[in-house]
Amino acid sequence: MKLIEHKISRRGLMKAGIAAGTALSIPSVLRAQTPTADARTVRMVIGDLSVFDPVVTTSDFTSMHAFAIYDKLFGPDSNFDPRPQMVGKWGVSDDKKTYTFELRDGLGWHDGTPVTAADCVASIRRWGQVASGGQLLMSRAQDISKKDDRTFIIALKEPLGALLTLLSSPFIMREKDASLSPTDKVTANIGSGPFTFNHALAKPGASFTYDRNEKYVPRNEPADGLAGGKVVKVDHVIWDNGLVANQQTAVAALQAGEVDFLFGPPLDLLSVIESDPNLELQVLDKTGSDNFLRINCLQKPFDNVKARQAMLYLIDQEAMLRAAYGDSKYVKPVTSIFGNETPMSNDENTGWYKKGGDPEKAKQLFKEAGYSGEKVVILQPTDWAEASNMSQLLAATLQKIGVNAELAPSDWGGVVARRAKKEPVENGGWSIFISGDAEASAIQMTTNTILSMSGSKGWYGWPQNDEYEALRAKMADVEKLEERKALARKMQRIWWDYVPQVPLGQVVQPSARRKTLTGIIGVPSYVPFWNMQKASA
């Protein structure tokens, strides 16, 4: 599960002359360059794929590429539970410190060589140097080693209940690729997954082609989330990079049948897509992302908990969502730090929520905090329209109750640079900025830095609460969902008493596809290429 954090709005690309229900025109040069479509080839507009190594970057697009050509030891199912994928058998010692994993039959690299335990060990170790989940595993590991060609062992210093969940993260590469430094990009694009990367047809900046791996042996179970059998039902998938920058042209190509799938069509054009009888909108990621305003807990006035609590009561989530997305059916309020749709979502300590907000209560809490006119600086990303609109509404809302709020406009790069500063606002610091996170990432409490409260070692805003951190650490050792839910409630009570951030609502992004393309598996953040099939037009 990846950090959404910032998505540049594409509204500015299509301001002129788009009438609902009107077929958009596709340039003739694009038609001339587009290969002839057939029922065994799927053409998809997803995003700008420029880096192929999922260890070097956490980009969702890189991960989608990796899901096509690589495989994993375990995969999360639709309930986010880890299921064996490359692993055939596994066992754990009575003291829960030694795990033994045996690879399943039929695993082979695209270059014709077999997958071995040494490949798995090298891949885990490389991933473990940079990913937060990997670092947690490596800190608990006494040894990770090959037992024989198909078996490897992870010996732990102490039990780690979340081990199988952690092992759902790394993509397994060949040992010689995984022996590279995690800062050096793997470019071979040779995996063991259900698709092979077609090097001959690779056109950086234009398109990449993936071919069905005829030698891939899927698991016998039905596909379930990112687990189960990865059965490929098409011959080729073309990742179209060339249309990413012009979403209006991409929608036109979708209407014309030149492409089959558009990952994230802009909200401005949803009505155009809905009116086309050959197209369909589909929410594949039902968890979506949760927007929030992050508070600087170190500086006045929000070093006082009463001032932070005031923000909980002040915010009208519905108004914020309207400012960002208009009257959209794809948004709704959220009150749990675990989102609306995850298994650990709960209503603990959410009595502060009130439709429309409670500005009078907020005003009273600012008074109790001893607020005396200190400047509140809101970082406003001018190149992210939704967050920019929310920032402006937030400033106006604060000013209405007598808070000296001021906008600090800049591009997102400027926000990123300034939010790292811990100094007072007079010295270039900040009070609030708006961001967002993939809701599904809240499940990974032990590795999600946004949901940490570890002070200066933690994420921007630097909240600190030792009791909360102790509960968060326990999450790594708890296997049963009911026990995790109980911990989640205790953590949420502390979180909303402290208030490191304030929720601004959930948004889900529909994808668009031609109705001839079916069977796409809905999972957070990614689009698996297996299972989907395409009927003749």
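# Questions on a predicted model

Student: In this predicted model, how many of the 10 residues of helix 2 are buried?

Tutor: Helix 2 covers residues 60–69, and it is largely enclosed by the rest of the structure. The buried residues are Asp60, Thr62, Ser63, Met64, His65, Ala66, Phe67, Ala68 and Ile69. The number of buried residues in helix 2 is therefore nine of the 10.

Student: Which strands do the buried residues of helix 2 pack against?

Tutor: The buried set includes Met64, Phe67 and Ile69, and the packing partners of the buried residues are strands.

Student: Which residue caps the N-terminal end of helix 2?

Tutor: The cap is made by a side-chain oxygen that lies 3.1 Å from the backbone nitrogen of Phe61, and Phe61 falls within helix 2, residues 60–69. The residue that supplies this oxygen is Ser59.

Student: Is Gln317 buried or exposed?

Tutor: Gln317 is placed in helix 10, which spans residues 317–325. Leaving aside residues up to four places away in sequence, Gln317 touches Pro333, Val334, Trp352, Tyr353, Pro503, Leu504 and Gly505. Its relative accessible area is 2%, and because buried means under 20%, Gln317 is buried.

Student: How many of the nine residues of helix 10 are buried?

Tutor: The buried residues of helix 10 are Gln317, Glu318, Ala319, Met320, Leu321, Ala324 and Tyr325. These residues pack against strand 15 (289–295), strand 16 (331–332), helix 12 (385–400) and strand 20 (501–507). Helix 10 is thus mostly covered, and the count of buried residues is seven of nine.

Student: What is found at the start of helix 10, and which residue just after helix 10 takes a positive phi?

Tutor: At the start of helix 10, a side-chain oxygen of Asp316 reaches to within 3.2 Å of the backbone nitrogen of Glu318, and Glu318 is itself among the buried residues of the helix. Just after helix 10 there is a positive phi of about 70°, and the residue that takes it is Gly326.

Student: How many residues apart in sequence are Asp111 and Ile190?

Tutor: Not counting residues up to four places away in sequence, Asp111 touches Arg174 and Ile190, while Asp111 is partly exposed, with a relative accessible area of 37%. From C-alpha to C-alpha, Asp111 and Ile190 are 6.9 Å apart in space, and their separation in sequence is 79 residues.

Student: What is the phi of Phe80, and what is the phi of Ser525?

Tutor: Phe80 is found in the loop between strand 3 (74–76) and strand 4 (82–84), and it is buried, with a relative accessible area of 15%. Ser525 lies in the loop between strand 22 (517–518) and strand 23 (533–534), and it too is buried, with a relative accessible area of 9%. Each has a positive value in a residue other than glycine, with phi near 70° for Phe80 and near 75° for Ser525.

Student: Which residues does a cis peptide bond join?

Tutor: The bond has an omega of about 0°, and its proline lies in the loop between strand 15 and helix 9 (305–314). The two residues joined are Lys300 and Pro301.

Student: What is the radius of gyration of the chain?

Tutor: The secondary structure of the chain comes to 15 helices and 23 strands. For 537 residues the globule rule gives 24 Å, and the value for the chain is close to this, so the chain is as compact as a globular protein of that length. The radius of gyration is 24 Å.

Student: What percentage of the contacts in the chain with a separation of 6 or more comes from residues 24 or more positions apart?

Tutor: Of the 537 residues in the chain, buried residues make up 55%, and the C-alpha atoms fill a box of roughly 70 × 65 × 40 Å along the principal axes. Within the contacts that have a separation of 6 or more, the share from residues 24 or more positions apart is 72%.

How values were computed
Residues are numbered from 1 along each chain as its sequence is written. This is a predicted model: local features need pLDDT of at least 70, side-chain atom pairs count only at pLDDT 80 or more; totals for chains, interfaces and linings use all residues. Side-chain values use heavy atoms; hydrogens and water are left out. Helices (H or I, at least four residues) and strands (E, at least two) are DSSP runs, numbered from the N terminus. The radius of gyration is taken over C-alpha atoms; the globule rule is 2.2 Å times the number of residues to the power 0.38. Buried means under 20% relative accessible area, exposed over 50%, partly exposed in between (1.4 Å probe, protein chains only). Contact means heavy atoms within 4.5 Å. A polar contact is a pair of N or O atoms within 3.5 Å; within protein, one must be able to donate a hydrogen and the other to accept it, and residues adjacent in sequence count only if both atoms are side-chain atoms.
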